[in-house]
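Thanks, everyone. I have one structure to walk through, and I'll keep it short. Please have a look at it first.

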Amino acid sequence: MQRIESLENVETKPVWSVKVFAKRHHLTDIDEARLLQLFGPFATASELLYNAPREPRWR
């Protein structure tokens, strides 16, 4: 256990709603359900980006 005296220098991470993320990134209902099952209703941006399916961009 660690006691924190001051919260001035604590880094915060952006947390997103999984449903909003899925809507913004045009994910299917199946992919949204998978992310909800993995993380629950909220997750950090990096977790969502690493676990979101992405189609390859061909030239």
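Start with the contacts of Thr-44. Set aside the neighbours within four places in sequence, and Thr-44 touches Lys-13, Pro-14 and Val-15. This is a predicted model, by the way. Thr-44 sits in strand β2, which covers residues 42-44. Buried or exposed, then, for Thr-44? Its relative accessible area is 19%. The cut-off for buried is under 20%, so Thr-44 is buried.

Next, charges. How many salt bridges does a search of the whole structure find? One. It joins Glu-32 and Lys-19, with the closest N and O atoms 4.0 Å apart. The two partners come from distant parts of the chain, 13 residues apart. Glu-32 belongs to helix α2, and Lys-19 to helix α1, residues 18-24. Their surroundings contrast. Glu-32 counts as buried, at 16% relative accessibility. Lys-19 counts as exposed, at 52%.

Stay in helix α2, residues 29-39, for Asp-31. Asp-31 also counts as buried, because its relative accessibility is 18% and the limit is 20%. Now look across to Asn-51. Asp-31 and Asn-51 are separated by 20 residues in sequence. In space, their C-alpha atoms are 9.5 Å apart.

Last, the rings. Where does the charged end of Arg-24 sit? Over the ring of Trp-16, at 5.7 Å from the ring centre. As for ring against ring, a search of the whole structure turns up one aromatic pair.

That's my tour. Over to you.

Methods. Residues numbered from 1 in each chain as written. Predicted model: local features only at pLDDT ≥ 70, side-chain atom pairs only at ≥ 80, totals over all residues. Heavy atoms only, no water. Phe/Tyr/Trp six-rings, centres within 6.5 Å; stacked < 30°, edge-to-face > 60°. Lys NZ or Arg CZ within 6 Å of the ring centre and 35° of its normal. Helix = DSSP H or I, 4+ residues; strand = E, 2+ residues; numbered from the N terminus. Buried < 20%, exposed > 50% of the residue type's maximum accessible area, 1.4 Å probe, protein only. Contact = heavy atoms within 4.5 Å. Salt bridge = Lys/Arg side-chain N within 4 Å of Asp/Glu carboxyl O.
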